[in-house]
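User: I have some questions about the labels used for this structure. Please set each label against its cut-off.

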Amino acid sequence: MTLEVGNIVEGTVVNITNFGAFIDLSGKTGLVHISEVADTYVKDIKEFIKEGDKVQVKVLGIDDNGKISLSIKQGVQIAPKRTNRPAEVEWSAPDKKKPASNNFEDIMSKFMKESEEVMSDYKKKQEVRTKSRRS
């Protein structure tokens, strides 16, 4: 296998750090920076790859010292292995929780009304508790 800039080659993940992953390419080792793992933001690289995985990478560069820069996201896409995916939102459907008016005064008025109701209920419950303790 010849390593030339632009080639897509297969390698094995040999080490994972907080800044990227080291990939063995038939005896030579290259680095995939964490920003080159996926098209989405990668907080924890271990959500996407693990040691021993076979990955296809694109050779981005080879410097004069022999350091090899690699990219997984420019090679073949890998599916994210996330466990906590955000909920899908249907933007075209009206949101029932959203106030009908976007006017600040209307929103504030509604908030104050709901807050007063909650506080009133709370005070009533406290009064009942206080009376039952005195009895």
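User: Where does phenylalanine 111 lie, and why is phenylalanine 111 called partly exposed?
Analyst: In this predicted model, phenylalanine 111 is part of helix α1, residues 104-134. Its relative accessibility is 47%.

User: Which residues make the nonpolar surface patch?
Analyst: Phe104, Met108, Phe111 and Met112 make a patch of about 420 Å². Membership requires over 30% relative accessible area, and nonpolar side chains are joined within 5 Å.

User: What makes the pair lysine 50 and aspartate 53 a salt bridge?
Analyst: The N to O distance between the two side chains is 3.3 Å. The criterion is a Lys or Arg side-chain nitrogen within 4 Å of a carboxyl oxygen of Asp or Glu, so the pair qualifies. The structure holds 1 salt bridge.

User: Are the two partners, lysine 50 and aspartate 53, buried or exposed?
Analyst: Aspartate 53 has a relative accessible area of 15%; buried means under 20%, so aspartate 53 is buried. Lysine 50 has 48% relative accessibility, which lies between 20% and 50%, so lysine 50 counts as partly exposed.

User: How many residues are in the largest nonpolar core, and which touch the most other members?
Analyst: The core has 21 residues, and Ile23, Leu25, Ile45, Ile49, Val57 and Leu70 touch the most other members. Strands β1 (8-16), β2 (20-25), β4 (54-62) and β5 each supply at least two residues of this core. In soluble globular proteins, nonpolar side chains tend to be buried together.

User: What is isoleucine 23 in contact with, beyond four places in sequence?
Analyst: The contacts of isoleucine 23 include Gly11, Val14, Lys28, Val32, Val55 and Leu70. Each counts as a contact because heavy atoms come within 4.5 Å.

User: Why is serine 69 called partly exposed, and what does serine 69 touch?
Analyst: Serine 69 sits in strand β5, residues 68-71. Its 37% relative accessibility falls between 20% and 50%, so serine 69 is partly exposed. Beyond four places in sequence, serine 69 touches Leu31, Lys58, Val59, Leu60 and Gly61.

User: What pattern do the helix and strands follow along the sequence, and what share of the chain counts as buried?
Analyst: The chain has 1 helix and 5 strands, in the pattern β-β-β-β-β-α. Of its 135 residues, 23% count as buried.

Definitions and conventions:
Residues are numbered from 1 along each chain as its sequence is written. This is a predicted model: local features need pLDDT of at least 70, side-chain atom pairs count only at pLDDT 80 or more; totals for chains, interfaces and linings use all residues. Side-chain values use heavy atoms; hydrogens and water are left out. Helices (H or I, at least four residues) and strands (E, at least two) are DSSP runs, numbered from the N terminus. Buried means under 20% relative accessible area, exposed over 50%, partly exposed in between (1.4 Å probe, protein chains only). A nonpolar core is a set of buried Ala, Val, Leu, Ile, Met, Phe, Trp, Tyr and Cys residues joined through side-chain atoms within 4.5 Å. Patches are made of residues with over 30% relative accessible area and no salt bridge: like charges are joined within 9 Å, nonpolar side chains (Val, Leu, Ile, Met, Phe, Trp, Tyr) within 5 Å. Accessible areas come from the Shrake-Rupley method with a 1.4 Å probe; for residues, only the protein chains shown count as cover.
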